Amino acid sequence: MTKRKKRKPSNNKISNLTNTILSILKKDRNQTFNYKQIAAKLGVNDASSRNQIIKKLQQLKAKQEIEEVDRGKFKAIVTTQYYTGRVDMASRGSGYIISDDFEDDVYISSNNMNKALHGDEVEFYAYKRRNRGKLEGEVTNIIKRAKSEYVGVIQIHDKKNFAFVVVDGTKMYKDIFVPINKINKAEDGDKVLVSLEDWPENADSPHGRVLKVLGKPGEHNTEIHSILAEYGLPLEFPHEVEEFANKIDTSITKKEIDKRRDMRNDLTFTIDPKDAKDFDDALSFKVLDDGLYEIGIHIADVSHYLQEGTILDDEAYERATSVYLVDRVVPMLPEILSNGACSLRPHEEKYTFSAVFKMNDKAEIKDQWFGRTVTYSDARFAYEEAQAIIESKSNSIPQEVSLTGKPYQTDKAIADAVLKMDELAKIMRRKRMSTGAISFDKVEVKFDLDEAANPVGVFFKTSKDANKLIEEFMLLANRKVSEFIGKQKKTFIYRVHDEPNDSKLAALQNVVGRFGYKLDFKDRKSVASSLNNLLKDVHGKKEQNLVDTLTIRTMSKAEYTTHNIGHYGLAFDYYSHFTSPIRRYPDVIAHRLLQHYLDGGASVSEDIYEDKCNHSSNMEYLATKAERDSIKYMQIRFMEDHKNENFVGVISGVTDWGIYIEIISNKCEGMVSVRDMKDDHYAFDEDHYALIGKNSKIMYQLGDEVVVKVKNTDLVKKHLDFTLIGKHE
């Protein structure tokens, strides 16, 4: 009988134990840990490992690197100062932290990122880099993930027991591991929405679950749904919300009319885009006996139907805005309200919330009134029809702009009202510009789509007198409502816009200087007037879109807040959003607060409303990104069908890896890689915003006109590559 060998005790030394223990204690530095908890974190449970941990804890305590708070319970001694900030990911897993505590962004190398992802709110400490003395940091804790859902393409492993989702975009540096039982019937190569569930301590990749299969990459609906999913924007209303909306009583009752100012007999009309389905606003016009004009700005009374505390209101708040993609609108409210009950359709009585002004011929306001009304719209115009009235100074609507497709004559009283209001709007606009407002008439890119949503043409939407007429009266209502409440020093939801910062203005001067333009930054007023002159001077020129875009980028972002600092771009001391409650939740809040104060209510909690403001600003930001992505996607689809054509473009950006070019005829932007410029070796000249050929000395500079051809289109990455043909003569 063989003698049984005695089992030797395990003496496996745990490597790097000091740092591991310190890391565990520092990560949760407000908690205490005993040796068993640390062993569990390390995944060890043999006697040798436990002894090593116990011994190491005593050594670290003796060195005063940790403290024993209770018997056998240890905590890190924190001597480092910790900060908070937001991660801005660069390529290959490194990035920067943007923090209010530092003027410059703090660099974080990939091995110090510690599982933080783009946009996350993190805690970190900072130190000086030895070689260059610049700040570097290490993430010590993830306070809040920026997002938990990602869009990407699933790759199912050959053995079919797991998969990885390769996330769209360059900001996600890890693929997401998905166990085979969590792929939700996805097939290899599908585009999916995946939820981040966990990132185990020793795992290289985060673990997730497929929430939804979006379709095959490159297909139209897949890509549009992917854009919405990427920003967490909904596609459809939950069934119970639709059902709730459909049961709302939308009838106009005598009981409700009796509570309101009855303005159904006042001449009232709407002017909107020709394809609009929801009419937020209407204007009424009346000549008074004393020579003044009574002008009503009537806004759909959404808050009458959208009652606080209902599932419909919760859904509208969560959405906070309608999203306008190239081929569809994702509305904030179900259709029965947005296109039905709330929409100020012609020849229908509607509940409205109104700002009514008495004005003289100089557009001076002599009296104002705010409150709930009932109105009746006498007519509906497209912008083009109203423009025809303004240009011809008559009531004739020609066939080419008529909504009916036939020429017709509108009521003379309406035409006269349009003409008088156009005069008043122009006076208001001039006053606004003279007090330092900035005039952004940025060209909007629009697509002609066929029935299958294929782009068959591109056109540009510009703002004419009819658009500006509506804009001025909406600005008036927004300004006067917020001023009315602001002067009472009561909590309100403002739309604010800070001044541009000096470094952004200096960068703009650098760029526009290449085109021969000069800016004056002496004071606030000279900044505004020189920006206006710049925008006027570039109008209609090849560099217009580039300069418009860069000028907008120098501006601070407008946002919602209860803390009023005024609106720099509009040169208003008070400004709010009041005129589009069908598509913006902040306007609904403004209506509710105005009514509350008209009823004599006390000032509401600033903190509660500041949270609502932050949510609304965040959702607006996501919607804007989705809208931009959908335009970029459609531009690339359009260019796919024009691969063999030469295009003239303007160099809109220069980097050491290539030049960005915006095509003049359709505003599509793509890139020529420096690797593909084979006729010479091109070097980046930062001072001149140019790539310069080493031998030929050929210079491709910001603002130059060049000829390009489409090299490659990538619908999934929304990327367009050009081949450079040469300079445009």
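Select β4 and strand β5 (residues 106-108) in this predicted model. β4 and β5 pair in the antiparallel sense, over three bridges. Now show the side chains of tyrosine 96 and tyrosine 107. Tyrosine 96 stands opposite tyrosine 107 in β5.

Stay on β4, residues 95-98. Which residues make up its covered face, and which its uncovered one? Gly95 and Ile97 are on the covered face. Tyr96 and Ile98 are on the uncovered face. In a regular strand, side chains alternate between the two faces of the sheet.

Pick valine 87: its bridge partner in β4 is isoleucine 97, a residue of the covered face of β4. Then move to the hairpin of β3 and β4, with five residues between the strands. Arginine 92 takes a positive phi there, near 55°.

Now go to another sheet. Select the strands in the order β13-β20-β19-β16-β15-β14-β21. These seven strands form an open sheet with mixed pairing. Why is one side of β13 (261-262) and of β21 (379-382) left without a neighbour in the sheet? Both stand at the edges, each with a single partner strand, so one side of each has no neighbour there.

Within this sheet, select β16 (residues 293-300) and β19 (residues 349-359). Eight bridges join the two strands, which run antiparallel. Find glycine 296: valine 356 in β19 stands opposite.

Last stop: helix α10, residues 383-392. α10 lies across β14 (267-272) and β21. The helix runs at about 90° to β21.

Note on methods
Residues are numbered from 1 along each chain as its sequence is written. This is a predicted model: local features need pLDDT of at least 70, side-chain atom pairs count only at pLDDT 80 or more; totals for chains, interfaces and linings use all residues. Side-chain values use heavy atoms; hydrogens and water are left out. Buried means under 20% relative accessible area, exposed over 50%, partly exposed in between (1.4 Å probe, protein chains only). Helices (H or I, at least four residues) and strands (E, at least two) are DSSP runs, numbered from the N terminus. Two strands pair if DSSP finds at least two bridges between them. Contact means heavy atoms within 4.5 Å. Axes are lines fitted to C-alpha atoms, for helices over the stretch in contact, and angles run from 0 to 180 degrees between N-to-C directions.
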